[in-house]
Structures are given as C-alpha cells and as structure tokens.
Amino acid sequence: MPQESGQRSHPATVLIPEPRGGRAQRATYLLLALCAAALYLAGEPLVPTARSLTSHFVALQIGVLLKGICYLAEEIFHLQSRHHGSFWRALSACLPLRWHGLMLLISGSAYVALLDGDRQLLSLHLGLASLCQLLTFALGLHKPSAVEMSEMSERSKQNVAHGLAWSYYVGYLKIVLPRVKKSMEEFSRANPNTMACKETWKLHILIPLSCDICDDLEKADSNIQYLMDLTETTLTRAGIKKRVYKHSLYTIRDEDKLWHCAVEYAAPLQTLYAMSQDECAAFSREERLEQAKLFYRTLEEILKGSKECAGTYRLIAYEEPGEAETHFLSRELLWHLRQQRHEEYAVCEGNQLHNPSTTLSSTELNLQISEPDLPQP
C-alpha cells in the first residue's frame, strides 16, 4: 500500500541524536526532594542540621571564589588583548559576582550566626574548606564531564559543526537551492521522459557520517552514472566575477529501471575529515563523528527555517557498512527516491485536490491517480 510504504523509517534516522532536553534538571529537582525528605525523616535536631547545611554552602562558594582568583592570576596578563584594558571586565569574567557573591554573603552570615561565637571553629572550617577546594582544582577534579562540555558547546552553538553548517547554507545552499526547481523544470521540458516524478526534483545532499567523500560518484558505485549538468547559475560574489554554480544529474540503476536525480556530497565534511587527519587540529575520530552528526542536525534546522529553500533539497545521512559493499550508495539513494514517490501518493490520497472547473468525489480522485512516469488524466 502506498501510504504504508511512505511511513517506513530508514535505519539512518537512529544515527542522528536529538537535542538534549531538560531531563537532567528534572532529575536534580527529584533528587533534591528525596534528600530533603530523607533529612526530615531522619529526625535530626534543626540547629546542627542547619549548621552543616550552611557550612557546605560556604565551602562551595569559597570554591568558586578561589577558582576565580586562580583564573584572574592569568587574565591580568591579557587585559589589553582579551578585556580591552579593563580590570573590572577581567574580574567579572573570572568571578560571577552577582549571584555567587550574594550566596557567599548570605550563607557565610548564617553560618557565623549558628556557630554561637566560636571563632576558632570558624577559622578551622574555613581553612579546611579552602584546602579541600584547592586540592580539587590541583587534581583537576573540578573539570566538567564530556557530556557537560558537549551540552555547553551545543547550547552556545560554538561547535565546528555549527560554523560549517551556517557557512554551507549562507555561502552555497541559500544561493543555489531556490533555483533548483527551475533548472529541473527546464531539463524536464527538454527531456520529457527522463524526470517524470516531480517529487524528486530536489538537490540530494549526501552526508556520510564518516566524512570520507569520494570526488567521483561513478567510482564510488558503478550503478551511479553521470548524465549531464543542469543549467548554470552565474553570479558576482565576494569579489569573484561571473562565479559559476551548477549541479550534476546522475542516472541510478535499479535492476531493470533507471532513476534520475541531482546529487552531490556536502562539501564541508571534507573539512572535518581533513581536521581528523591533521595533528595540529587534535581532532579524534570520535569527535569527528559527533561533529558530523551535529552538522546534519544543524543544517536540517537551518533549512527547515528557510522558506526559500522549502521543498528543494533532501538530506541523506548514512553510515557506511563495516564491510565494503559495491552498491551501497546507489541503494541508499534509491531508498530515498522511492520514499519521495510514496510521499507523493500519501499527499494525493490524504487531501482532496482542488479543481476550479470540476468537483470530484474522493473516490473519483483516487481512480484518477496514476504512476508519475505515466500520462496524467
């Protein structure tokens, strides 16, 4: 059934991670409630419990203060180049004064009030707290985990993948994609039997998560054969006169049938691959894979928000099999081409077509739907 076929999911969809949600924050609130309940049920006296709680708060704020002082010892040598000569800007960058300063003042005052004037005990606790925090910094135990670093980078959008995706969109896709449909239409008029299925009139962008790109698609898979180039787009851009943008059409062999589509690799992946091969970049294979997935997700989000690029592209992310397969790439392309045809069926069957001169029932509409490569009624 066409509708059932159109709902099939591709194995590649599980390769791309979704953006992180707020589960860690919710888990924090849950554990906080459990700890509070455990303390309440323990039945400990209120004053000693409050004294212990405030001492822990003081220790944490002292840790933030000492860490800021350590960073400030380095930043004062970069006032001109990093902080425009302002000591206050350097201090604010090292010490989050607004909230941590307030917390240190409140918790410190509460702790002093609960000690009942025992200054010797206060000095001992402050000294031990400072010693523990400095030992934590010296041993590197304060550093965020890999998950925290990944989340911070994604939220701040400062990954290599974010820059590459935006550069690819602004410098290339935003220019060429709005012209793809017109180029396909011109080619279809000149070759009426070649590009019959309009749903495939898109630029198919290959995104191998290994970032290993083959410059010649015909060498990558013998079932993919170059057909011709679409109409060129010539623009003056970034000081380059008559800069040429073009796409190549390929024939994909599917047993006894031939498919035609415009396909190319996402060129920025070559940058990720080159970085993983260069010692200066210090880019591991695992980091390259993570960045490739993030590149796909970022590019997808950018293109979804672009009205002028709607319906002009198909992102094809895939992971090569462990063992070399001769026709893996052509099978991947064929899967997406078939899906586009099935999606066209689903839209046609699920929505009534509007004809200004004739009103048809849904039954009559279904009877008039035919294969895209056959004459339409």
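Predicted model: local features only at pLDDT ≥ 70, side-chain atom pairs only at ≥ 80, totals over all residues.
**Cysteines**

Cys-70 sits in helix α3, which covers residues 46-75. Its C-alpha atom lies 9.5 Å from that of Phe-137. Along the chain, Cys-70 and Phe-137 are 67 residues apart.

Cys-35 is partly exposed at 48% relative accessibility. Cys-214 is also partly exposed, at 28%. How many disulfides does a search of the whole structure find? The count is zero.

**Overall make-up**

The protein holds 15 helices and seven strands. It has 377 residues, of which 33% count as buried. Take the contacts between residues at least 6 apart in sequence: 69% of them join residues at least 24 apart.

**The nonpolar core**

The largest nonpolar core has 57 residues. Which of them touch the most other members? They are Leu-173, Ile-207 and Phe-295. Helix α9, residues 160-176, supplies the largest share of this core, with nine residues.

Leu-173 has a set of contacts beyond its sequence neighbours. Leaving out residues up to four places away, Leu-173 touches Tyr-168, Pro-178, Leu-203, Ile-205, Leu-299, Leu-303 and Cys-309.

Strand β1, residues 203-208, pairs with β7 in the parallel sense. Six bridges join the two strands. Ile-207 has Ala-317 in β7 as its bridge partner. Ile-207 is also one of the core residues that touch the most other members.

**The hairpin**

Strands β3 and β4 form a hairpin. Two residues lie between them. In the turn, Ala-238 has a positive phi of about 55 degrees. Strand β3 covers residues 233-237 and pairs with β4 in the antiparallel sense, over four bridges. Within that pairing, Thr-233 has Tyr-245 of β4 as its bridge partner.

**Salt bridges**

Side chains of opposite charge can pair when their charged atoms come close. The structure holds four salt bridges.

| Pair | N to O distance |
|---|---|
| Lys-246 and Asp-229 | 3.2 Å |
| Arg-338 and Asp-254 | 3.0 Å |
| Glu-300 and Lys-304 | 4.0 Å |

Lys-246 forms a salt bridge with Asp-229. This pair links distant parts of the chain, 17 residues apart. Lys-246 lies in the loop between β4 (240-245) and β5 (248-254), and Asp-229 lies in strand β2. Lys-246 is partly exposed, with a relative accessible area of 42%. Asp-229 is partly exposed at 24%.

The side chains of Arg-338 and Asp-254 also meet in a salt bridge. Again the pair links distant parts of the chain, here 84 residues apart. Arg-338 belongs to helix α14, residues 328-350, and Asp-254 to strand β5. Is Asp-254 buried or exposed? Asp-254 counts as buried because its relative accessibility is 14%, and the limit is under 20%. Arg-338 counts as partly exposed at 30%.

What about Glu-300 and Lys-304: which helix holds them? Both lie in helix α13, residues 285-304. They are four residues apart, about one turn of the helix. Glu-300 is partly exposed, with a relative accessible area of 24%. Lys-304 is exposed, because its relative accessible area of 62% is over 50%.

Notes. Residues numbered from 1 in each chain as written. Heavy atoms only, no water. Disulfide = S-S within 2.5 Å. Buried < 20%, exposed > 50% of the residue type's maximum accessible area, 1.4 Å probe, protein only. Core = buried A, V, L, I, M, F, W, Y, C linked by side-chain atoms within 4.5 Å. Contact = heavy atoms within 4.5 Å. Pairing = 2+ DSSP bridges.
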